[in-house]
Amino acid sequence: KEQRRAVKEKPDDFAEQRTLAQLLARSDPNSEEARVLYAELIRRQPNDSELRREYADLLSGDATRRESAIEEYRTLLARHPAPATRRNRARLLAGDPTHRDEAVEQYRTLVEVDPGNPVWRDEYRQLLLSDERYRGNAIVEYRRLVQERPADLEAKHTLAQLLAGEDPHSN
């Protein structure tokens, strides 16, 4: 209520409007009011990368706005290729079979930038297992994993299935 009052008292105050958008987004990740307010703020300051990230994060929480979020992350990456932004985009892309190739490229870039990040590597491997077309890449990744963690029986089993031409998800 206080923030709405502050915006009402200073309707042209960018910082007050942004704070209201942030509060609305936090209280309701599907807030249409927050989405509209962020869109207006971006029209006013299109080069504010942090503002665009906040907007993309808000959009990404709404399945009906997935394409808009993907595009917003793409715009952000073109201006500021931060790994966290790339991961957010990759995760959205991976959730849609029509964007899998692009998701694989985004994850490939992530693991090249930070090859030791176990979370990104795991997400990348899981994505590779999701489509037969990536079997060769999955084999490379699981061979690497088995070398890194020779005691990991699950990784060995998955690699064996991949090499035998079996579907690792069939268990």
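Buried here means under 20% relative accessible area, exposed means over 50%, and partly exposed is whatever falls in between (1.4 Å probe, protein chains only). The structure is a predicted model, so local features need pLDDT of at least 70 and side-chain atom pairs count only at pLDDT 80 or more, while totals for chains, interfaces and linings use all residues. Residues are numbered from 1 along each chain as its sequence is written, and side-chain values use heavy atoms, with hydrogens and water left out.

Helices are DSSP runs (H or I, at least four residues), numbered from the N terminus. At the start of α4, a side-chain oxygen of D48 comes to within 3.2 Å of the backbone nitrogen of E50. That counts as a polar contact, meaning a pair of N or O atoms within 3.5 Å; within protein, one must be able to donate a hydrogen and the other to accept it, and residues adjacent in sequence count only if both atoms are side-chain atoms.

As for what is tucked away, the buried residues of α4 are L51, R52, E54, Y55, A56, L58 and L59. Their cover includes α2 (14-27), α3 (32-44) and α5 (66-79).

Next come the charged pairs. Side chains of opposite charge can pair when their charged atoms come close. A salt bridge is a side-chain nitrogen of Lys or Arg within 4 Å of a carboxyl oxygen of Asp or Glu, and the structure holds 22 of these salt bridges. One of them joins R52 and E72, whose closest N and O atoms are 2.2 Å apart. Since R52 lies in helix α4 and E72 in helix α5, the pair ties together parts that are 20 residues apart in sequence. R52 is buried, at a relative accessible area of 10%, and E72 is buried too, with a value of 10%.

An α-helix has 3.6 residues a turn, so residues three or four places apart point the same way. R53 is partly exposed, at 26% relative accessible area, and D57 is partly exposed at 27%.

Helix α9 (residues 135-148) has a pair of its own, with E141 and R144 three residues apart, or about one helical turn. Salt bridges that share partners also join E32, R35, D62 and R65 into one network. In the E141–R144 salt bridge, the closest N and O atoms are 2.6 Å apart. E141 counts as buried at 5% relative accessibility, whereas R144, at 30%, counts as partly exposed.

Then there is the nonpolar core, a set of buried Ala, Val, Leu, Ile, Met, Phe, Trp, Tyr and Cys residues joined through side-chain atoms within 4.5 Å. In the largest one, which has 43 residues, Y38 and Y142 touch the most other members. The largest share of this core, six residues, comes from α3. Leaving aside neighbours within four places in sequence, Y38 is in contact (heavy atoms within 4.5 Å) with A21, Q22, A25, L51, E54, Y55 and L58.

Conventions
Helices (H or I, at least four residues) and strands (E, at least two) are DSSP runs, numbered from the N terminus.
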